[in-house]
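Here is a short report for a first look. Please keep the sequence and the 3D view at hand.

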Amino acid sequence: MKPDLSIESLALPHVAAMHAYVPGMQPMESGWVKLNTNENPFPPSPKVIEAIQRELANEARGLRLYPNPTSAPLRATIAAHHGLKVEQVLASNGCDDALNLLMRVFCSVDRPAGMTVPSYSLYTVLRSIQAAEMREVEFDRSFELPIDAIASSGANIFFLTSPNAPTGVSFAPERIAELLEKFSGILVVDETYAPFAEQNCVSLLADNPRLVIVRSFSKAYALAGMRTGYALANPEVISLLDRVRDSYNLDRLAQVAAKAALEDQAYYQGTIEATKVLRDKAAASYEERGWFVYPSAANFHFVEPRKGGGAGKAVAQDLFQCLLDNKILVRAFPNHALTQSFLRISVGSAEEMNRLGEILDAWQKK
Ligand SMILES: *Cc1c(COP(=O)(O)O)cnc(C)c1O
């Protein structure tokens, strides 16, 4: 007789017990104003389209062949862009791939990971795959960097998002340098939103072999659909990550698209500046409504809506629902005391922000 084993009982217990990451809603039909996943309202550079078309020339025969296994041309471009050596760069299938590789190399049952709370919830999912503990360091409402709490967290690898998500608050490199003095593990600074910010940690790499910076082409480079990102670190760290990554982790189209994007700084400086103008205008409009909003160095705002003088979870939920009813998607975080009265709203195109403004006016009058 066959033993009666459920599929789940055959799976690793910690995997059977874990939950998948819940991404922001991606509606299939058109007509939605998407301000929930911080995608770029501007199209990618025309140079990206040309690069992809070149790759598809000659009846796409190039696609018969495997891509460059180490993404060498792309990595050379990334290294030059940051003034680093190629051995300090890992190209990844989205920033998420780099985060996953870092967890695999530096975190397991007896090597805890750490993160600030609130921040990017994927970190928790990735450490669950490793059956590892997560040392959570709580922010307070000031959202200042809790240096001592991180330093004494006991984490083998700590994930810090700067500019932070969901608040948009950016941490000064001087403070992060101070943290590196006190914390003895690997410090990952997730700089997905750094191209929108006035400061970043790249210059700290020179003196800090335990620092890893991860970046993404999804937000500032308008390539979320291509899945490209990278890690910058000491060559020893990169070499470790290289051992566990997929041997062809970036496909041909992703490699040429990301390379062309990074090479067209003139185009992206334009769209980033335009995004910042829209961002600062949006912040002023939220403040005019009497809402609390954190100073954002990213392409979104973390806002605490108010109605009739009051704020709170119910107010945030009411506005979330009202926006949803009007086909505007934003992100709510109802599960934490510091986030439940807030909504995270991406910076969209001028038209999208005008539409948002109309619905907010109507909601506030209701
Ligand atoms: C969007 C986001 C990512 C994911 O980047 P991909 O390159 O799309 O994988 C990583 N970290 C943070 C903080 C993000 O907001």
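## Basis

This is a predicted model: local features need pLDDT of at least 70, side-chain atom pairs count only at pLDDT 80 or more, and totals for chains, interfaces and linings use all residues. Residues are numbered from 1 along each chain as its sequence is written, and side-chain values use heavy atoms, without hydrogens and water.

Seven strands form an open sheet with mixed pairing, in the order 2-8-7-6-5-3-4. Strand 2 (89–92) and strand 4 (134–138) are its edges, each pairing on one side only. From one strand to the next, the twist averages 20 degrees. Strands (E, at least two residues) and helices (H or I, at least four) are DSSP runs, numbered from the N terminus. Two strands pair if DSSP finds at least two bridges between them.

Strand 3 (residues 113–117) and strand 4 run parallel, joined by five bridges. M115 has E136 in strand 4 as its bridge partner.

## A helix across the strands

Helix 5 (residues 72–82) lies across strand 2, strand 7 (211–216) and strand 8 (229–233). Its direction is at about 125 degrees to strand 2. Axes are lines fitted to C-alpha atoms, for helices over the stretch in contact (heavy atoms within 4.5 Å). Angles run from 0 to 180 degrees between N-to-C directions.

## K219

K219 sits in the loop between strand 7 and strand 8. An unreviewed UniProt entry annotates K219 as "modified residue: N6-(pyridoxal phosphate)lysine". Such annotations may be inferred rather than shown by experiment.

K219 is buried, with a relative accessible area of 17%. Buried means under 20% (1.4 Å probe, protein chains only). Not counting residues up to four places away in sequence, K219 touches T37, N38, N40, T192, Y193, F196 and N299.

Definitions and conventions: Buried < 20%, exposed > 50% of the residue type's maximum accessible area, 1.4 Å probe, protein only.
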